[in-house]
Amino acid sequence: MMQALGPSIIRFSPAWSWWADEVLPSYVKKRYSPREHWKDKPFTEADATFFSKGIQDLSEVFTEARPESGGREISSYFQHSRYRSSYLLYFLPLQAAKFQTLFQLHRLALSAALAHARKTGILRVVDLGAGPGTASLSLLLWL
């Protein structure tokens with residue numbers, strides 16, 4: 001019989017805010033802004049508006065435009081800078097947040113793994129189907 005989880009508050013580490021709110025937007029703006037003079041300025045609402053168009057397009061590629069429905073091929077989306085920046089700004093933090101939640105819900109298992117790592121001096125992480133390594137990155141931020 002499954003036991004229902006009571007209401008709980010998921011808390012993200014300080015590293016999360018630094019990474020999701022500062023590092024990723026700054027990196028994307030510096031790397032993918034179309035104009036050179038924009039690249040070293042802070043990420044603004046105008047940038048969010050600009051990059052949100054790519055996020056909407058990539059979302060469509062992931063959902064409605066899948067090859068099995070006659071849509072575009074999605075396996076090469078990372079080859080396009082518009083989709084890469086969209087993934088980094090939206091989909092990567094979204095998926096990483098899901099892992100942060102799982103890590104907190106199963107913190108006893110992670111604590112046991114960390115205790116074993118301290119005892120043996122080895123921490124092994126397997127990120128099956130890693131894609132861009134979202135689960136591994138999220139674990140580093142959680143730790």
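**Helix packing in a predicted model**

Helix α3 passes helix α5 in a right-handed crossing. The structure described here is a predicted model. In that crossing, Tyr87, Leu92, Gln95, Ala96, Phe99, Gln100, Phe103 and Gln104 of α3 touch Thr134, Ala135, Leu137, Ser138, Leu139, Leu141 and Trp142 of α5. By class, the residues of this contact comprise ten nonpolar, five polar and no charged. Helix α3 covers residues 81-105 and helix α5 covers residues 134-142; the two pack at an angle of about 60 degrees, and their axes lie 8 Å apart. That angle makes α3 oblique to α5.

Helix α3 also packs against α1. The angle between α1 and α3 is about 170 degrees, with 10 Å between their axes. Since angles over 145 degrees count as roughly antiparallel, α1 and α3 are therefore roughly antiparallel to each other. On the α1 side the contact involves Trp16, Trp19, Leu24, Pro25, Tyr27, Val28 and Tyr32, and these meet Ser81, Arg84, Ser85, Leu88, Leu89, Leu92, Pro93, Ala96, Ala97 and Gln100 in α3. The residues of this contact divide into 13 nonpolar, three polar and one charged.

A further partner of α3 is α2. Here the helices pack at an angle of about 95 degrees, and their axes are 8 Å apart. This arrangement makes α2 roughly perpendicular to α3. From α2, the contact draws on Phe51, Lys53, Gly54, Ile55, Asp57, Leu58, Ser59, Val61 and Phe62; from α3, it draws on Arg82, Tyr83, Ser85, Ser86, Tyr87, Leu89, Tyr90 and Phe91. Ten nonpolar, four polar and three charged residues make up the contact of α2 with α3.

Charged side chains provide another kind of link. Side chains of opposite charge can pair when their charged atoms come close. With a salt bridge taken as a side-chain nitrogen of Lys or Arg within 4 Å of a carboxyl oxygen of Asp or Glu, the count comes to four salt bridges. One of them joins the side chains of Lys29 and Asp47, at 2.6 Å from N to O. This pair links distant parts of the chain, for Lys29 lies in helix α1 (residues 14-32) and Asp47 in helix α2 (residues 45-62), 18 residues apart.

Helix α4 remains to be described. Its 14 residues, 107-120, should span 20 Å at 1.5 Å a residue, and the C-alpha atoms at its ends are 20 Å apart, which agrees. After α4 comes Gly121, whose phi is positive, near 80 degrees.

Notes: Residues are numbered from 1 along each chain as its sequence is written. This is a predicted model: local features need pLDDT of at least 70, side-chain atom pairs count only at pLDDT 80 or more; totals for chains, interfaces and linings use all residues. Side-chain values use heavy atoms; hydrogens and water are left out. Axes are lines fitted to C-alpha atoms, for helices over the stretch in contact, and angles run from 0 to 180 degrees between N-to-C directions. Helices (H or I, at least four residues) and strands (E, at least two) are DSSP runs, numbered from the N terminus. Angles under 35 degrees count as roughly parallel, over 145 as roughly antiparallel, 65 to 115 as roughly perpendicular and the rest as oblique. A crossing is left-handed if the near helix is turned anticlockwise from the far one by less than a right angle, and right-handed if clockwise. Contact means heavy atoms within 4.5 Å. Ala, Val, Leu, Ile, Met, Phe, Trp, Tyr, Cys and Pro count as nonpolar, Asp, Glu, Lys and Arg as charged, and the others, Gly among them, as polar. The expected span of a helix is 1.5 Å times one less than its number of residues.
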